[in-house]
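Biologist: I would like to go through the labels used for this model one at a time, and to hear what each of them rests on. Could you take the aromatic rings to begin with?

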Amino acid sequence: MDQEPEPREQRLVEYIIAEPSGDSKDPCDRRVSSRFARFMRRHSIDELPQLWHVARGEMSLVGPRPLTRTEVKEYYGARANELLSVKPGITGIWQTRGRSKVKFPERAAMDLEMVRRLTAKTYFVILLRTLPAVFCGRGAW
């Protein structure tokens, strides 16, 4: 039986959020086109709408970031089920350890470490460490 084609909306989302430079973020990302947008991105203000998804129970405050199918295949492979067994989060361990400076393979390892060792204490430590990273714009472009 032939597989149904991917909906246009899902392909568009993959295109929009695909990293332009492969395994690291580009400080000159052409998708961020104004000073205001760069400020919003640097201080993660553009993430605030995701609180709606947390309130609906679709996401967690702490967890691995939502991933595209391409990222799951390329960076997680056989370990993908372990990662996908938890809700995605707005923040995670790699956001507190360098954000945009962290290359994707290292991020993948951190995500898996977090999924395997996430306790209530770790959850709150990550939340607390996220605040200065966001307010200072540390590690973000």
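Modeller: The model is a predicted one, and a search of the whole structure finds 2 aromatic pairs.

Biologist: Why is the pair of Tyr75 and Phe104 called stacked?

Modeller: The ring centres of Tyr75 and Phe104 are 4.2 Å apart, and a pair is counted when the centres lie within 6.5 Å. Their planes meet at 25°, and since planes under 30 degrees apart count as stacked, the pair is stacked.

Biologist: What makes the pair of Tyr123 and Phe124 edge-to-face?

Modeller: Here the ring centres are 5.6 Å apart, and the planes of Tyr123 and Phe124 stand at 70°. Planes over 60 degrees apart count as edge-to-face, so that is the name this pair receives.

Biologist: Is Phe124 buried or exposed, and how do you know?

Modeller: Phe124 has a relative accessibility of 51%, and because exposed means over 50%, Phe124 counts as exposed.

Biologist: How do you know that the buried residues of α4 line one face of the helix?

Modeller: The buried residues in α4 are Glu71, Val72, Tyr75 and Tyr76. Seen down the axis of α4, they fall within an arc of 100°, so they line one face. In general, an α-helix has 3.6 residues a turn, so residues three or four places apart point the same way. The face of α4 turned away from the buried side carries the exposed residues Lys73 and Glu74, while the buried residues pack against α5 (80–84) and α7. After α4 comes Gly77, whose phi is positive, near 50°.

Biologist: Why is Thr91 called buried, and what does it touch?

Modeller: Thr91, which has its place in strand β2 (residues 89–91), has a relative accessible area of 5%; buried means under 20%, so Thr91 is buried. Not counting residues up to four places away in sequence, Thr91 touches Leu61, Val62, Gly63, Ile126, Leu127 and Thr130.

Biologist: What makes the link between Thr91 and Thr130 a polar contact?

Modeller: The side chains of Thr91 and Thr130 are joined at 2.7 Å, and the limit for such a pair of N or O atoms is 3.5 Å, so the pair qualifies as a polar contact.

Biologist: Where in the chain is the confidence lowest, and where is it highest?

Modeller: Confidence is lowest in helix α1 (residues 8–17), at a mean pLDDT of 50, and highest in strand β1 (residues 60–62), at 93. The mean pLDDT of the chain is 77, and 72% of its residues reach 70 or more. Where pLDDT is low, the predicted coordinates should not be read in detail.

How values were computed
Residues numbered from 1 in each chain as written. Predicted model: local features only at pLDDT ≥ 70, side-chain atom pairs only at ≥ 80, totals over all residues. Heavy atoms only, no water. Phe/Tyr/Trp six-rings, centres within 6.5 Å; stacked < 30°, edge-to-face > 60°. Buried < 20%, exposed > 50% of the residue type's maximum accessible area, 1.4 Å probe, protein only. Helix = DSSP H or I, 4+ residues; strand = E, 2+ residues; numbered from the N terminus. Arc of directions from axis to C-beta. Contact = heavy atoms within 4.5 Å. pLDDT = per-residue confidence, 0-100. Polar contact = N/O pair within 3.5 Å; in protein donor to acceptor, adjacent residues only side chain to side chain.
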